[in-house]
Amino acid sequence: MKPLTTPRMDRCIGCHSCSLACARLVHKKLSWATSGIRIHSAGGLSTGFISVVCLGCDPAPCVQVCPTGAFRQRKGGGVVVRKSDCISCGACVTACPVGAIYQDGGGEVYVCLHCGRCVEFCPHGCLELTQRADLQRSLDHE
Amino acid sequence: MNERFKVFVVDLEAAQGRVETIDGRNDVAGGSGLAALLFLRYGRPEQPWDHPEQPIILAIGPLTGHFPLMSKTVCAFVSPYHDQYTESHAGGRLALALFFAGYDALVLLGRAKTLSCLSLGSQHLSLRDAGFMEGMNVAGTGKLIRRMFPKSSGHRSIIRIGPAGEIGSAMACINVDSYRHFGRLGGGAVFGVKNLKGLVVCGDAQRPVPPGKEYAGLFKEVHRQVCSTDMMRKYYHLGTAANLRGLNDIQALPWNNLQKTADPGIEGVTGEIFADRTLLRNGACSGCPVGCIHLGFFRDRFKEDARYLYHQVPYDYEPIFAAGTMLGVTDCFDVLRILEDFERVGLDAMSAGVALAWATEATQRGLLSEKQTIVRLSFGDAGAYQQAAHHLGLGSNEFYRLLGGGTRKAAAEYGGDDFACVLGQEMAGYATGPLFFTAQSLGFRHSHLDTGAYSREQQDPAKDVTTAVDFLLADEPYRALLTSMTACLFARSVYQSEQLVKCLDSVGYRELAASIEPVAERIRALRWQVRIATGFCAEEITIPKRFYDVTTWQGPVDGEYFDRLREAYGRRIMEFALPEAAPL
């Protein structure tokens, strides 16, 4: 299963179309934050943008600390989340080394599921569903 | 769908806020209409612009956060330029920040006790002293605000003023997220008199997705139109700067304080030149995949050794006109340098450029000297304009403080009103002829975007007063509706009336969707009623002689036709006034 990658963030214009799409289509919310991928400026708008998104660790630290099994290892990297098992403890949030898991005011957590629904909304091809082994080939062909 | 407006009203003196819910969604939609409605509730039509209780209003629309390019915020206030109600519009992140914070509008009342920064979101309101920012430039202010309020980094909007706003200049803008602006008519001064150096809006909450498949399908279709067709290419390719060559070619581009309308120097400041030599990257307003923001760069060597600094400067047609052709500056990097200096002090580029163009011609004619201008001004001398930008923004002497109140105010003191390029406010960059001159001078915002006059005049120069006035009147309600949706006006080809109805339906505003035509008319009338109640009178708008003397692509201006056009359009606008006995 191919994970979501962000190989061309240097093209990002900061439109938030990806994170808005994830929030809207996956999490059924209108929001900048309740999304598996979040876009931030890299220290003010003059310095470009960074994506905060699950890097598809295997084994994933968030899975290892989850006390209920709501977070499970995904084949190919990343996690599968069973929301009904989540008790909003927030352990996954602190365990993630890159801050990719967001917890809202109600305790619900949001992490990229590598479904790729955001990809088509990026106007500049910053995002791609691709195996890591394929990534270099993809960049080489630009 | 909740059809009441949720409005956050903040008393800056008390550092307290309250949330109010207000009826009227189906009457005024949002944005421009909501701002006028809120001015009726909180405004003081009989008081001057700098009265502490005069509100500054930020309003978004019913489709904000729901669809692409619904990315503008309307800022409404009583202008220090003419002491009447007005609006200014800006993109950036502010619209979505307000939406995600949960508010349809923000109303700021009172005056903070000290120079301050305000931060708010869905669950917080904080007013903090910022006395140490007094006189600080716009970029430095932004950097400090980011450190003062680290919460919600990236998911917020930061708007702020420079020294021009602090001194009350009627040309002071409000900078929005570094690269966008509430530019015209002195919103920055209104922040200044409220002791408000900056405002942070954190979009830290969430809203529900409209139920049903209709919304998701429609979003995808609008996104496809915007991204996969050529509808928006002119805005993201060369951007509005592409128009410079075209306007120059048809003798409609103001040069050297409108002494001429075409010049071979255009070769240095075309859209192509800016893209090829200066364009560093593009940016976007949040929620807009078009990415029309063009960021140019320039670098300066600050030591003999190879030591350089660089700046990123947003450019567009209008700023290039104002800091370029109007000042006779024909080097693209010099234009960016002047724009950067306007930006640093927090001046509206269009107003400042046109004002300095007048000052240059007044110098040529011996009406002004360096006693007033401090630095000698001459067309094409970019270095002098960079210095003058600082003097204008800081109000270095009595002359610059007067000029910051409006070119014609300075002309009244020093002479030279005949060649003050003012059409209600400092002109926009279209010397297309009498229809545009009429439209800007009498238009609601004195903006080239109030109506499509500049475009119409290029397509149909026929001189028929009735037809022309009918066009101006017929074009306005749809634009007022779009600005009430707070759509970017670049999206008007996407959001035709039929599409707006579908969008409103899909998010649950069915009653509003069923009545957009009468709502558009109501918003137009309401805005004018508020404007007229604060002192607007069409007959009092006069036109400097320069606009009668200029030769455009149509040849010399027909003064008699111009006057008949102005009289007829002004009369029709004043018909929107309520009878004296009728309260607003």
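# Chat about a two-chain model

Student: Let's start in chain B. Which residue in β2(B) is the bridge partner of B:V7?

Tutor: B:V7 has B:E20 as its bridge partner in β2(B). Strands here are DSSP runs of E of at least two residues, helices are runs of H or I of at least four, and both are numbered from the N terminus. This is a predicted model, where local features need pLDDT of at least 70, side-chain atom pairs count only at pLDDT 80 or more, and totals for chains, interfaces and linings use all residues. Residues are numbered from 1 along each chain as its sequence is written, and chains are lettered from A and ligands numbered from 1 in the order in which they are written.

Student: Got it. How many bridges join β1(B) to β2(B)?

Tutor: There are 7, and the strands β1 (residues 5–11) and β2 (residues 16–22) of chain B run antiparallel. Two strands count as paired if DSSP finds at least two bridges between them. The two form a hairpin with 4 residues between them, and B:A15 in the turn has a positive phi of about 55°.

Student: Is β1(B) buried or exposed?

Tutor: Mostly covered: 5 of the 7 residues of β1(B) are buried. Buried means 20 or more other C-beta atoms lie within 10 Å of the residue's own; exposed means 12 or fewer, partly exposed is in between, and C-beta atoms are placed from the backbone.

Student: And what does β1(B) do with β6(B)?

Tutor: β1(B) pairs with β6 (residues 105–109) of chain B in the parallel sense over 5 bridges. In β6(B), B:A105 is the bridge partner of B:V7.

Student: What else is B:A105 in contact with?

Tutor: Leaving aside neighbours within four places in sequence, its contacts are B:F5, B:V7, B:L34, B:L38, B:I57, B:L58 and B:A59. A contact means C-beta atoms, placed from the backbone, within 7 Å.

Student: Which residues touch the most other members of the largest nonpolar core?

Tutor: B:I57, B:L98, B:A105 and B:L347, in a core of 242 residues. Helix α13 (residues 349–364) of chain B supplies the largest share, 10 residues. Such a core is a set of buried Ala, Val, Leu, Ile, Met, Phe, Trp, Tyr and Cys residues joined through C-beta atoms within 7 Å.

Student: Switching topic: what is the order of the open sheet of 3 strands in chain B?

Tutor: The order is β14-β15-β16, with antiparallel pairing. β14 (279–283) and β16 (307–315) of chain B are the edge strands, each pairing on one side only. The twist averages 30° from one strand to the next.

Student: Which helices pack on that sheet?

Tutor: Helix α10 (residues 271–278) of chain B touches β14, β15 and β16 of chain B, and its direction makes about 55° with that of β15(B). Helix α12 (residues 332–345) of chain B touches β15 and β16 of chain B, at about 80° to the direction of β16(B). Axes are lines fitted to C-alpha atoms, for helices over the stretch in contact, and angles run from 0 to 180 degrees between N-to-C directions.

Student: Now chain A. How many residues of chain A are in contact with chain B?

Tutor: 24 residues of chain A are in contact with 31 residues of chain B. On the chain A side, α1(A) gives the most, with 4 residues.

Student: Which strand of chain B is joined to β2(A) by bridges?

Tutor: That is β13 (residues 207–208) of chain B, joined to β2(A) by 2 bridges and running antiparallel to β2(A). A:L30 has B:R207 as its bridge partner in β13(B).

Terms used
Contact = placed C-beta atoms within 7 Å.
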